[in-house]
Amino acid sequence: MIHRVPSGARQPVEPELVLGAPAGEWAYRSACWSLDGSALFALAQHVGESGTDFLAKHTVVVSVPAAGLPAASAPAPEEARQVDYTESESLVPYGSESVLACARVRGTGELHRIGADGTVDVLSAGPRFIHGAAASGGTIVVSHISEDSPGECSVLETGGVRRLTDFAA
C-alpha cells in the first residue's frame, strides 16, 4: 500500500492511504509522480486473494491518474504482465508523463520508458544488463554490466551507450 503524509501540518497527522487496500490482491511499492503531477506510478506485484501468493510473480509498472486517487487498485493490463520489472528498485520520472524502469528480458536488463497511458518504449536492449538509471532533462545515465565489464556508468544515446567510466581497465 502507498501512503502519503500531508506536509505543513501543525500537529501530528495520520498517513493517508493513496493506493492499495489492506485486503487487496496487489502489493505496491516504489511510487513516484510523473514530472507534471498528472499520474502516480508504482511497481506492483499480484499477491492473490490470500495476500501471500507472491512466488515467481512478475512485477509490473502501473499508473493512476492523480484525479483518480485515492484508489484501491491500479489497472494492470494483461500485456503489461508479460514484462518483468522485478529488477527495478525504483522508478525514475522522465518526460512529463512517463517513468524509466529496468526490465528483465531473456537474461538481459533492458531500460524501458513507460507512459501514463501504458505505452512502453524500449530505450536500451542488447548484450548488457542495465540495473540502474537516472535522468535530468533529456539526458539518461545508466549503470550496467556487460560481457567485457563488471560494471560501468554510461550515457544513453541513440543506438547505444557512451561509457563515462572504464572500471574494467
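This text walks through the predicted model of one protein chain, from its overall make-up to single residues. The model is predicted, so local features need pLDDT of at least 70 and side-chain atom pairs count only at pLDDT 80 or more, whereas totals for chains, interfaces and linings use all residues. Residues are numbered from 1 along each chain as its sequence is written, and side-chain values use heavy atoms, with hydrogens and water left out.

Confidence comes before detail. The predictor's confidence in each residue is given as pLDDT, on a scale from 0 to 100. Its mean over the protein chain is 89, and 96% of the residues reach 70 or more. Strand β6 (residues 92–94) has the highest confidence, at a mean of 97, and strand β13 (residues 160–163) the lowest, at 88. Where pLDDT is low, the predicted coordinates should not be read in detail.

The protein chain has 13 strands and 0 helices. Both kinds of element are DSSP runs numbered from the N terminus: helices are H or I over at least four residues, strands are E over at least two. The C-alpha atoms fill a box of roughly 55 × 40 × 30 Å, taken along the principal axes. Of the 169 residues, 36% count as buried; buried means under 20% relative accessible area, exposed means over 50%, and partly exposed lies in between, with a 1.4 Å probe and protein chains only. Among contacts with a separation of 6 or more, 33% come from residues 24 or more positions apart, where contact means heavy atoms within 4.5 Å.

Strands of a sheet pair through backbone hydrogen bonds, either parallel or antiparallel. Here two strands pair if DSSP finds at least two bridges between them. An open sheet of 3 strands has the order β3-β4-β5, with antiparallel pairing. Its edge strands, β3 (26–33) and β5 (59–65), each pair on one side only. Neighbouring strands of this sheet are turned by 30 degrees against each other on average, direction ignored; the axes are lines fitted to C-alpha atoms (for helices over the stretch in contact), and angles run from 0 to 180 degrees between N-to-C directions. Strand β4 (residues 39–46) is joined to β5 by 7 bridges, and Leu40 has Val64 in β5 as its bridge partner.

Ala42 is also in β4. This residue is buried, with a relative accessible area of 0%. Leaving aside residues up to four places away in sequence, Ala42 touches several others, including Tyr28, Ser30, Val61 and Leu91. Ser30 itself lies in β3 and is partly exposed at 25% relative accessibility. Its phi is near 55 degrees, a positive value in a residue other than glycine.

Two loops also have backbone features to look at. In the loop between β5 and β6 lies Pro70, which is joined to Leu69 by a cis peptide bond with omega of about 0 degrees. Arg106, in the loop between β7 (98–105) and β8 (108–115), has a positive phi of about 50 degrees although it is not a glycine. Arg106 is exposed, with a relative accessible area of 83%.

Ser124 belongs to strand β9 (residues 120–124) and is buried at 5% relative accessibility. Its side chain makes a polar contact of 3.1 Å with the side chain of Arg128. A polar contact is a pair of N or O atoms within 3.5 Å; within protein, one must be able to donate a hydrogen and the other to accept it, and residues adjacent in sequence count only if both atoms are side-chain atoms. Beyond four places in sequence, Ser124 touches Glu110, Leu111, Ile130 and Leu156.

Towards the end of the numbering, β11 (residues 139–146) and β12 (residues 149–157) pair in the antiparallel sense over 5 bridges and form a hairpin with 2 residues between them. β12 is also joined to β13, by 4 antiparallel bridges, with Ser154 opposite Arg163. This second pair is likewise a hairpin with 2 residues between the strands, and Gly159 in the turn has a positive phi of about 90 degrees.

Cys153 in β12 stands opposite Ser143 and is partly exposed at 30% relative accessibility. With a disulfide defined as a pair of cysteine sulfur atoms within 2.5 Å, the count comes to 0.
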